[in-house]
Amino acid sequence: MAGHSQVIKTRVVRIDSEKSWDFFINQATNKECPVVVHFTACWCMPSVAMNPFFEEVASNYKHILFLSVDVDEVKEIATRMEVKAMPTFLLMMGGARVDKLVGANPEEIRRRIGGFVHTIHGYKAI
């Protein structure tokens, strides 16, 4: 259809409720799938600036679940995961936090995710 913008596929799942959080975390836990979560807020410019970077990293790791949580939309999850500043990145396995990084530091986030995936037996980045 002329005049319509192309739909962009994303590898990052936007969490919009406690129910969706529980669903995706339970699915990942049952499948022994690692999870990387970006806690963000639309008013936080460093968080917003990290969105394209997070999408890019997600495209490099097809067997990891990447989630995005707006702390103002899903306050309960931010509270449950003890997120107090944005952006915050959590690396999770088996429903539990393995690592936490606060701040917009692309190189450190990339390094931590790389280290995280290498600790997972048999995992290979695609």
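The following dialogue discusses how to read several features of this predicted model.

Colleague: How many helices and strands are there in the protein, and in what order do the elements run?

Modeller: The model is predicted, and the protein in it has four helices and five strands. Read from the N terminus, the elements follow the order β-α-β-α-β-α-β-β-α.

Colleague: What share of the residues counts as buried?

Modeller: Of the 126 residues in the protein, 41% count as buried. As for contacts with a separation of 6 or more, 69% are between residues 24 or more positions apart.

Colleague: Why do Arg80 and Asp22 count as partly exposed?

Modeller: The class covers relative accessible areas between the limits of 20% for buried and 50% for exposed. Arg80 counts as partly exposed because its relative accessibility is 42%. Asp22 belongs to that class because its relative accessible area is 31%.

Colleague: Which parts of the chain does the pair of Arg110 and Glu56 tie together?

Modeller: The side chains of Arg110 and Glu56 form a salt bridge of 3.1 Å, N to O. Arg110 belongs to helix α4 (residues 106-119) and Glu56 to helix α2, so the pair ties together parts that lie 54 residues apart in sequence. Arg110 is partly exposed, at a relative accessible area of 30%, and Glu56 is partly exposed at 37% relative accessibility.

Colleague: Which residues are linked with Asp99 in a network of salt bridges?

Modeller: The network links Asp99 with Glu108, Arg111 and Arg112. Within it, the side chains of Asp99 and Arg112 meet at 3.1 Å, N to O. Asp99 is in strand β5 (residues 96-102) and Arg112 in helix α4, 13 residues apart, and the pair links distant parts of the chain. Asp99 is partly exposed at 23% relative accessibility, and Arg112 is partly exposed with a relative accessible area of 23%.

Colleague: Which residues line the largest pocket, and what is its volume?

Modeller: The volume of the largest pocket is about 220 Å³. Its lining includes Asp70 and Arg14, together with Thr40, Ala41 and Cys42. The elements that give two or more residues to this lining are β1 (12-15), α2 (45-60) and β3. Helix α2 gives the most, with four residues.

Colleague: How many cavities of 30 Å³ or more are counted, and which residues line the largest one?

Modeller: A cavity differs from a pocket in that a probe fits inside a cavity but cannot get out. Here the count is one cavity of 30 Å³ or more, and the largest cavity has a volume of about 30 Å³. Its lining consists of Ile25, Ala28, Thr29, Cys33, Val35, Met92, Met93, Gly94 and Gly95. Both α1 and β4 supply at least two residues of this lining, and α1 gives the most, with three residues.

Colleague: Where is the place of Gly95, and with which residues is Gly95 in contact beyond its neighbours in sequence?

Modeller: Gly95 is in the loop between β4 (88-93) and β5, and is partly exposed, with a relative accessible area of 39%. Leaving aside neighbours within four places in sequence, Gly95 is in contact with Ile25 and Thr29. The C-alpha atoms of Gly95 and Pro34 are separated by 8.8 Å, although the two residues are 61 residues apart along the chain.

Conventions:
Residues are numbered from 1 along each chain as its sequence is written. This is a predicted model: local features need pLDDT of at least 70, side-chain atom pairs count only at pLDDT 80 or more; totals for chains, interfaces and linings use all residues. Side-chain values use heavy atoms; hydrogens and water are left out. On a 1 Å grid over the protein atoms alone, a cavity is a set of points where a 1.4 Å probe fits but cannot get out, and a pocket is an open set with protein on both sides within 12 Å along at least five of seven lines; lining residues have an atom within 4 Å of a point. Grid points are joined across faces, edges and corners, and a volume is the space filled by probe spheres set on the points. Buried means under 20% relative accessible area, exposed over 50%, partly exposed in between (1.4 Å probe, protein chains only). A salt bridge is a side-chain nitrogen of Lys or Arg within 4 Å of a carboxyl oxygen of Asp or Glu. Contact means heavy atoms within 4.5 Å.
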